[in-house]
Amino acid sequence: MKFRIFAASFHWFIVVLRSLEIERLPMFCYLTNIVYILCASYYTIAAYNSLSLSEESLPLYHKLIQNPLVFRMDRVCYEEKLSVIKIKCLIQWLLHSIVLNLSILVSVMYFLLIYKPDVDRLGLTNISRHILNSVFILTEFSLNSIHVKFVHVIYGLSLAVIYAFYTLIFWYVIAPPENYIYELINWNQPKKTLKLIFMLMSAAVIVKCILVGFSKAKFRSHGCQVSRDIESPAQSFLV
């Protein structure tokens, strides 16, 4: 619980700092800032859910692991008698699926494609913006009992497609030479840009596969099996 409150505070602090900085473009143009806002939102609602729900009704996947018995089944917030998914729990699950994948991908993408060791300084600013978000979400992932499903990769990919269209619209709406967000995404060379986007989306799928594998290993290491006997196909896909 304290970890999630601290994580939410840290991410909102970084978001506020970024909003106060003078940048070439508004902060919402950059994918890193968008991911930070999503991370801050996730930790906030995760902490809120844990605080607002009574211990008896709190689904185990909202808790941080206290003992192996925390792992029970692959399920979301059910009203035990009504089997109704609570919206706030669904939002938490959705945000977790998105930020777990995108935080890692954005960090890797930055250091492989954007970061220039001879120009950029790996100081506190770069570490807080492009490393700590992944450290926080991997810590959360290792401690919580949220079962990661491969089908949830669709959420991160959908956001990536929306952002790609956003960069395309931005390119043609804003007058040159300020019509780019990242130099690598150059819509004057659409084939090269589409190839890059395809490679990044493929990387997102690979990252998701790795996370699914670690998730299964985490459950098995605690001697737990995932149960699906109470899930409908729609519930299984959505959450």
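1. A contact, as the word is used in this note, means heavy atoms within 4.5 Å. In that sense Thr167 touches Ile181, Ile185 and Trp187, when residues up to four places away in sequence are not counted.

2. The model is a predicted one, in which local features need pLDDT of at least 70 and side-chain atom pairs count only at pLDDT 80 or more, whereas totals for chains, interfaces and linings use all residues. Residues are numbered from 1 along each chain as its sequence is written, and side-chain values use heavy atoms, with hydrogens and water left out.

3. On confidence, pLDDT is the predictor's confidence in each residue, from 0 to 100, and its mean over the protein chain is 77, with 77% of the residues reaching 70 or more. Helices here are DSSP runs (H or I, at least four residues), numbered from the N terminus; the highest confidence in the chain belongs to helix H1 (residues 2-20), at a mean of 91, and the lowest to helix H8 (residues 233-238), at 39. The pLDDT is below 50 over residues 56-84, a stretch that has 84 contacts in the model beyond near neighbours in sequence. It also stays under 50 over residues 225-239, for which the model has 38 contacts beyond four places in sequence.

4. Helix H6 has 21 residues and reaches 30 Å from its first C-alpha to its last, close to the 30 Å expected at 1.5 Å a residue, where the expected span is 1.5 Å times one less than the number of residues. Thr167 lies in this helix, which covers residues 153-173, and Thr167 is buried, with a relative accessible area of 5%. Buried means under 20% relative accessible area, exposed over 50%, and partly exposed in between (1.4 Å probe, protein chains only). Other buried residues of H6 include Tyr163, Phe170 and Trp171.

5. The side chain of Thr167 reaches the backbone oxygen of Ala164 at 2.6 Å. Ala164 is itself among the buried residues of H6.

6. Helix H3 (residues 87-114) and helix H5 (residues 132-143) pack at an angle of about 145°, with their axes 9 Å apart; axes are lines fitted to C-alpha atoms, for helices over the stretch in contact, and angles run from 0 to 180 degrees between N-to-C directions. Val99, Leu100, Ser103, Ile104 and Ser107 in H3 meet Asn133, Ser134, Ile137, Leu138 and Phe141 in H5.

7. Asn49 lies in helix H2 (residues 31-52) and is buried, with a relative accessible area of 0%. The C-alpha atoms of Asn49 and Lys88, which are 39 residues apart along the chain, are separated by 7.4 Å.

Note on methods. Helices (H or I, at least four residues) and strands (E, at least two) are DSSP runs, numbered from the N terminus. A polar contact is a pair of N or O atoms within 3.5 Å; within protein, one must be able to donate a hydrogen and the other to accept it, and residues adjacent in sequence count only if both atoms are side-chain atoms.
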